[in-house]
Amino acid sequence: MLFIITLNKEDNIMRAKLRLWLTFCVVTPVLLLFSNTGMAEQAAATKVVKPVSKAVGATPRGQVLSLSCSSCHGTDGKSVGIMPSFYGKTPQYIETALLEFKSGKRYSTVMGRHAKGYSDDEIHLIAQYCGTVGHKTK
Amino acid sequence: MSNKLSRRDFNKLLLSGVAGSAFGVFGGARSAFAAKNRVVVIGGGFGGAAAAKYLKKLDPTLSVTLIEPKETFYTCPFSNWVLGGLKTMQDIGQTYTVLKSRYGIDVVLDSAVGIDAAKNAVTLKSGRVVKYDRLIVSPGIDFKWKAIEGYSQAVSETRMPHAYQAGAQTILLHKQLLAMPDGGRVVISAPGNPFRCPPGPYERASLIANYLKKNKPKSKIIILDAKEKFSKQALFKKGWEKLYPGMIEWRGSTTGGKITMVDAAAMTVTTDFGVEKGDVINIIAPQQAGKIAFDCGLTDASGWCPVNPITFESTMHPGIHVIGDACIAGAMPKSGFAASSHGKVAAASIIRLFQGKVPAPPSLVNTCYSLLAPGYGISVAGVYKLSAEGIIEIPGSGGLTPLDADDEKLAEEATFAQGWYNNIVQDIWG
């Protein structure tokens, strides 16, 4: 939805990016449907997702992965409690933080336990979404 | 709950996502006669209110109606803090003002009494009929009143509250605790799995003990449990020994924990091992999906609602999504956090279906904090995804506060518990 709105405003580069994204939407279900192995489906889907996400900033997959973050960190990452806000942080900052929580390099009570639930590719998608989408709806 | 899918079934499930997409295309064509795609949400709790807000946030062109009979929704999370005297009812009351004014959600103060799946219509208690293109049902829990002989809604409202739907029940149990003399016995009956908020009965015992220790130190708490083990058990037991030595006694199902009968007049409960008397008796009765889900044929033999785990669309009635405690969400516990996670996934999926697109595979999260005393918190976290086994917890992720966590870490968790509450209620109702 966001992309369609953006498309009307943006130039041909966005058009190309949207086409790429739409291709993903068509390709992924086909991969999911006809892949013969249960879990390889997820891996196959992830491989398709990554380059697209880098091109357009946020994907439906990035959105679904990121929607739970706000339960503890506030809507769009604007925290009203003691949890840190991530609103206004760059995708790079968020990605580094999540990877460090995951590895244990950065201290946490509960965040490390969450970060371990995501692959590095998924963390990339989350960082892209959380580091950009909130800014657009400012 | 743990129905395994064969690979063929799993592929079929994903296929149904695509079929759902096709349905969305036709659904979209049909609803082109209406000015906007209409989503009706039944229930304004953690699941329903989160779904309504995120539907409008992610697609402001939708028409979203939220049907909820209560003007103020009292949250079950932190209602144990009220029982322990650490919070007031006002602290846990949430309203729909912001959802109406900022998000443009049509909040209807009424109860849904019927769903006509063929006509895409919800009938309200007032007689009003509300039409939808997609419906989200988030009815929470109901109690199996007949599961325990002698227990009933009338008994719960007078002598033996369940206090597992926050509001009048919380106030009643709190009043009983305040009125109890020093040296009294509090009996808490905890149900078998699955039930709402698995750590809830044990946090409740902790915070009641915190109140009793300060005000009525000769009193005792007995937890009669229909299970042999419970959520965060080692962490709770360690905390109880440290904070309330000798005050809380827990009995599992094989050691006289399972109650079969209550006598409201005599204030007794009967277990396999005999009769127990209580000065305050809190019966957290066995549960099933909320009433509207039952009345409208959304439940299966388990008493809960089977759903497609990608979209939370009912497998019994297409076009109707069931979220929160009422639905069968695989390995996820029944919690407010989980319900809001379902609500957001369902919202994102419904928007994709309206667009005639395939919903993204779900990613779901749960975090539950429990307070054992002021400055003493513990937590359990989980990250969930779809697999051939249904919704599973991702191996190597999530888990509990470490059993050897020091005082500083437990204090931090207690602080984060409050931070969590502030943010989740703002994320849903604010």
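# Exercises on salt bridges, strands and helix contacts

Glu249(B) and Arg251(B) form a salt bridge whose closest N and O atoms are 2.7 Å apart, where a salt bridge is a side-chain nitrogen of Lys or Arg within 4 Å of a carboxyl oxygen of Asp or Glu. The model is predicted, and local features therefore need pLDDT of at least 70 and side-chain atom pairs count only at pLDDT 80 or more, whereas totals for chains, interfaces and linings use all residues. Residues are numbered from 1 along each chain as its sequence is written, chains are lettered from A and ligands numbered from 1 in the order in which they are written, and side-chain values use heavy atoms, with hydrogens and water left out.

## Exercise 1: charged pairs

**Solution.** 

1. Begin with the opening pair, using the terms buried (under 20% relative accessible area), exposed (over 50%) and partly exposed (in between), with a 1.4 Å probe and protein chains only. Glu249(B) is partly exposed at 26%, while Arg251(B) is buried at 17%.
2. Glu68(B) is buried, with a relative accessibility of 4%, and Lys70(B) is partly exposed, at 39%.
3. Lys291(B) is exposed at 52%, and Asp295(B) is partly exposed at 47%.
4. Shared partners also link salt bridges, joining Arg185(B), Lys220(B), Glu249(B), Arg251(B) and Glu276(B) into one network. Over all chains, the count comes to 18 salt bridges.

## Exercise 2: strand pairing

**Task.** Which strands of chain B form the open sheet that contains S7, and in which sense does S1(B) pair with S2(B)?

**Solution.** 

1. The open sheet consists of three strands in the order S6-S7-S8 (chain B), with antiparallel pairing; two strands pair if DSSP finds at least two bridges between them. Strands S6 (112-116) and S8 (129-131) of chain B are the edge strands, each pairing on one side only. On average, neighbouring strands of this sheet are turned by 25 degrees against each other, direction ignored.
2. S6(B) is joined by four bridges to strand S7 (residues 121-124) of chain B, and Gly114(B) has Thr123(B) in S7(B) as its bridge partner.
3. Strand S1 (residues 38-42) of chain B is largely enclosed by the rest of the structure, because four of its five residues are buried. S1(B) pairs with strand S2 (residues 63-67) of chain B in the parallel sense over five bridges, and Val40(B) stands opposite Thr65(B) in S2(B).

## Exercise 3: a helix pair and a buried lysine

**Task.** Work out how H2(B) and H10(B) cross, and then find what surrounds Lys344(B).

**Solution.** 

1. The axes of helix H2 (residues 46-58) and helix H10 (residues 336-354), both of chain B, come within 7 Å and cross at roughly 35 degrees; axes are lines fitted to C-alpha atoms, for helices over the stretch in contact, and angles run from 0 to 180 degrees between N-to-C directions.
2. By class, the contact between H2(B) and H10(B) has 11 nonpolar, four polar and one charged residues, where Ala, Val, Leu, Ile, Met, Phe, Trp, Tyr, Cys and Pro count as nonpolar, Asp, Glu, Lys and Arg as charged, and the others, Gly among them, as polar. Residues of H2(B) in this contact include Tyr54(B) and Leu58(B), and those of H10(B) include Lys344(B) and Ala348(B).
3. Lys344(B), in helix H10 of chain B, is buried at 1% relative accessibility. Leaving aside neighbours within four places in sequence, Lys344(B) is in contact (heavy atoms within 4.5 Å) with Leu67(A), Ser68(A), Ser70(A), Ser71(A), Tyr54(B) and Asp427(B).
4. From chain A, Gln63(A) in helix H4 (residues 60-66) is buried at 14%. Not counting residues up to four places away in sequence, Gln63(A) touches Tyr129(A), Leu58(B) and Ala348(B).

Terms used
Helices (H or I, at least four residues) and strands (E, at least two) are DSSP runs, numbered from the N terminus.
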